[in-house]
Amino acid sequence: MIARVTRFFLVGVVSAALFTGRADAQLDVGVTEGRADPVPIAVTDFNGVGSLADLGADIASVVKADLEFSGLFRAIPPGAFLQDPASLGEDAQPRFDLWRRSGAQALVTGWVSTESDGRIRVSFRLFDTLAEEGLVGFVFRGSEGIWRRIAHKVSDAVYHRFTGEGGYFDTRIVYVHEEGPQTALTKRIAVMDYDGENHRFLTSGDHTVLTPRFSPTIQKIAYFSYFNETTPRVNLLDLATGRRDVLGDFPGMTFAPRFSPDGSSVIMSLAINGNTDIYVMNLETRTIKQLTDGSYIETSPSYSPDGSRIAFTSDRTGQTQIYVMNADGSNQDRISWDLDNRASYSTPVWSPRGDLIAFTKHIPDSDWAIGVMSPEPGEGERLLAFGDLVEGPTWSPNGRVIMFAHETYGFGEDTERVIKSIDLTGYVERTIRTQGAATDPAWSPLIP
Amino acid sequence: MRFKLIAALAAGLLVAACESTPEVVEEDDSAGAVEVTEEVVVEVDPIDPRSERYIEEVLGKRVFFALDSSVLNARSQSTIRRWADWLSEFSDVNVIIEGHCDERGTREYNLALGDRRANAVKDHLVVLGIDPNRITTISYGKERPLVLGHTEAAWGQNRRGDLTLS
C-alpha cells in the first residue's frame with residue numbers, strides 16, 4: 001500500500017574501540033556514529049541489610065534497564081557472576097579476573113543503607129574489569145520515596161563515564177494520552193518518568209488538549225487546549241500549585257507553544273482570519289511581539305539553545321518547509337531542501353546541543369520520517385525513523401536520542417499510536433512505556 | 001424570495017417520501033360491475049426551514065477540500081450560497097464554521113490549515129453579504145475525523161468545513 005522509503009544511515013567508522021584487552025584500554029563509547037557492539041556490563045544487586053536488600057535489587061534492575069535502553073550496554077545475567085556480590089565491601093577490590101571470566105568488561109556495584117535522619121544512602125562504584133581500576137563512584141542521599149531517581153542518577157553517571165556525554169535517565173516525559181472511539185478521542189495530558197514509572201494525569205479529559213511542552217525548570221507545562229470552546233488557546237499549567245492559566249488575551253486561536261531557553265517567554269502561533277503567524281510573549285511583562293507576517297502559515301517555532309535563533313515551519317512556497325530566523329524575526333532563511341524538491345518538512349526542534357534540528361518529513365505517496373539536519377541550508381540531512389505517520393520529535397537533554405509520535409495503520413480503521421525513541425545512530429529504536437495510546441511527547445531536561 | 005424557491009424545490013423533492021398512499025376502493029364484483037376509484041393524496045409537508053433536518057437535507061452541513069488546500073470548489077460555493085440566502089432570511093441566527101483536516105499532516109500545521117479552511121468559508125459568506133459578526137470560526141485540525149480509515153475516500157471526507165448554528 002505504501003512504498004517504503006529506503007533507509008539510509010550514515011555508517012561511519014566504528015569509533016567505539018572498546019576494551020582491546022590491554023590494561024590501558026581507552027574506555028569510550030561512540031554515541032553518534034556507526035553501530036557498536038553493546039558493552040557487556042555486570043550490575044550487581046546493591047547490597048543492603050534486611051528490607052534494604054530488596055531496595056538494592058530494585059535499584060540494580062532500574063540501572064540495568066536504563067543502560068540497556070541506551071543500546072550501549074548489555075547486562076550480564078546474574079547467573080554468570082563468579083564472585084558473590086554480597087561479599088563486596090564498599091572499599092574492597094572486586095576479583096577482576098572472575099568478572100572478566102563471567103564476560104563483564106565493566107562492573108557496577110552498590111550499597112544501600114539508612115541514615116540517622118531516615119533518609120537512604122546509596123553509593124555505587126563503576127569498575128573497568130580489564131584495566132582493573134575504579135572509574136567513578138558517587139554517594140546519593142534522599143528520601144526512600146525517590147529511590148528511582150537515585151537509580152537513574154547512577155545510570156546517568158555510568159553513561160557519562162563511558163560516553164563523555166551527560167545522561168538522560170533522570171528525566172520525565174509529558175505526553176497526550178488517548179482513549180475512546182477514534183472519532184471522539186478523550187485526550188489527557190499525562191506526565192511520567194522517561195521509563196513509564198510514576199505516571200499521573202494532569203488534565204481531566206473534559207477538553208481536548210494537545211502538544212504539552214516543559215518549561216526549562218520542568219515546573220510549568222505549556223499546552224494547547226479547547227477549554228475555551230470558542231477560541232482554543234495556549235494554556236500554562238504550574239505543576240507545583242496545579243494552577244492553570246490561559247496565556248494572553250489574543251484575538252484568535254493560539255497554539256504550538258514552546259518556552260524560550262531561559263524560560264522567560266513562550267513562543268507560539270496565533271491564527272487570525274485564516275492567517276497564522278509566530279508571536280513571542282514575555283511571561284513577566286506579558287508583552288507580545290509579532291515575529292512573522294504575510295499570508296502564509298507560519299508555525300511550530302523552536303528556539304536554538306542560546307536563544308538567538310528560531311526554527312519554524314512555513315508554507316510560503318506552497319508546501320511546508322523549515323526556516324531559521326533571528327530571534328527578532330529578521331533574516332528568514334529556508335534550510336530544508338529535498339533533493340527532488342517533492343518532500344514537505346515540518347515541526348523543527350532544535351537540539352539542546354545546538355548542532356542539529358530534528359524534523360518531520362513527508363514524501364508524497366510514501367512513508368513519513370523523523371530526521372535531523374544542520375541549521376545551515378540544505379546540509380546534513382539524515383533520516384532516522386519511519387512509519388505510516390511519525391511526527392513531533394523531542395530531544396533527550398544530551399541531544400543524542402529523539403522521541404516521537406508513531407502511528408501504524410492496521411487493517412481497516414485500526415491505528416496503533418505509540419511513542420518511540422531513536423538514537424542518532426538510527427539503530428537503537430525503542431517503544432516508550434505509556435498507559436495506552438499515546439502521542440505528542442515532550443522530553444524534559446535533566447530534573448534539577 | 002430566493003429562499004422560497006429553495007423551499008418549494010425541497011418540497012418537490014420530498015413528495016415521494018410523503019404520505020401519498022394511493023387509496024383503492026374495490027366494490028363487490030358479484031354484480032359484474034367493477035368500479036375502481038383511485039385518489040392520490042399529496043400532502044405537501046415543507047420542512048421547517050429552521051429545523052436541523054432542513055439544514056442537513058436542504059442547505060447541506062459540509063463543504064469539502066482538496067489535499068492541503070482551502071480552495072472552495074463549485075459545489076462548495078453553491079452550498080455556501082444556499083447558506084448565505086438562508087442567513088439573509090433568518091437574520092437572528094448566527095453560524096459557526098469548523099475547519100477540519102485529514103490525518104496526513106503534523107498536528108500543529110493542521111490546526112493552522114483548519115483555521116484557513118474555516119475562514120475560506122467565512123470569507124465567501126461575507127462576500128455574499130453576511131455580516132462577519134454573525135460568523136465564528138474554529139479549527140479542529142485533525143482532531144475530529146468524520147470517518148475513520150486510511151484511504152483516499154476517508155481522507156476526502158475528513159478535509160472539510162462544517163457549518164452549524166451557534
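This tour moves through the two chains by selection, stating at each stop what is found there.

The model is predicted, so local features are reported only at pLDDT of at least 70 and side-chain atom pairs only at pLDDT 80 or more, whereas totals for chains, interfaces and linings use all residues. Residues are numbered from 1 along each chain as its sequence is written, and chains are lettered from A and ligands numbered from 1 in the order in which they are written.

**Chain A as a whole**

Select chain A. Its secondary structure comprises three helices and 29 strands; helices (H or I, at least four residues) and strands (E, at least two) are DSSP runs, numbered from the N terminus. The radius of gyration of chain A is 24 Å, close to the 22 Å that the globule rule gives for 448 residues, so chain A is as compact as a globular protein of that length. That radius is taken over C-alpha atoms, and the rule is 2.2 Å times the number of residues to the power 0.38. Along the principal axes, the C-alpha atoms of chain A fill a box of roughly 70 × 50 × 45 Å.

Of the 448 residues in chain A, 46% are buried. A residue counts as buried if 20 or more other C-beta atoms lie within 10 Å of its own, as exposed if 12 or fewer do, and as partly exposed in between, with C-beta atoms placed from the backbone.

**Ile59 and helix α1**

Select Ile59(A), which lies in helix α1 (residues 51-69) of chain A. Is Ile59(A) buried or exposed? Ile59(A) is buried, with 28 other C-beta atoms within 10 Å. Leaving aside residues up to four places away in sequence, Ile59(A) touches Phe46(A), Gly110(A), Val112(A), Val122(A), Trp147(A), Ile150(A) and Ala151(A); a contact requires C-beta atoms, placed from the backbone, to lie within 7 Å. From Ile59(A) to Gly110(A) the C-alpha distance is 9.2 Å, and the two are 51 residues apart in sequence.

**The largest nonpolar core**

Next, select Ile357(A), Ala358(A), Ile370(A), Val390(A) and Ile402(A). Of the 79 residues in the largest nonpolar core, these touch the most other members. Such a core is a set of buried Ala, Val, Leu, Ile, Met, Phe, Trp, Tyr and Cys residues joined through C-beta atoms within 7 Å. Centre the view on Ile370(A): its contacts beyond four places in sequence include Thr360(A), Leu384(A), Phe404(A) and Ile422(A). A second, separate core has 33 residues, among them Ala42(A), Phe46(A), Val62(A) and Ala104(A).

Six of its six residues are buried, so β23(A) is largely enclosed by the rest of the structure. Trp368(A), Ile370(A) and Val372(A) are buried on one side, and Ala369(A), Gly371(A) and Met373(A) on the other.

Strands are taken to pair if DSSP finds at least two bridges between them. Ile357(A) has Met373(A) as its bridge partner in β23(A). The two strands form a hairpin with five residues between them, and Asp365(A) in the turn has a positive phi of about 60°. Strand β24 (residues 382-387) of chain A is antiparallel to β23(A) as well, with five bridges; there, Gly387(A) is the bridge partner of Trp368(A).

**The sheet facing chain B**

Now select β13 to β16 of chain A, an open sheet of four strands in the order β13-β14-β15-β16 with antiparallel pairing. β13 (253-259) and β16 (288-290) stand at the edges with a single partner strand each, so one side of each is left without a neighbour in the sheet. Inside the sheet, β14 (residues 265-272) and β15 (residues 275-282) of chain A pair over eight bridges, and Ile267(A) stands opposite Val280(A) in β15(A).

**Chain B and the interface**

Display chain B, which has five helices and six strands. Buried residues make up 33% of its 166 residues. Select helix α4 (residues 107-127) of chain B: it lies across β13, β14 and β15 of chain A, at about 160° to β13(A). Axes are lines fitted to C-alpha atoms, for helices over the stretch in contact, and angles run from 0 to 180 degrees between N-to-C directions.

How many residues of chain A are in contact with chain B? There are 29, in contact with 21 residues of chain B. Strands that each supply at least two residues of this side of chain A include β9 (209-214), β17 (298-303) and β21 (344-350).

Definitions and conventions: Two residues are in contact if their C-beta atoms, placed from the backbone, lie within 7 Å.
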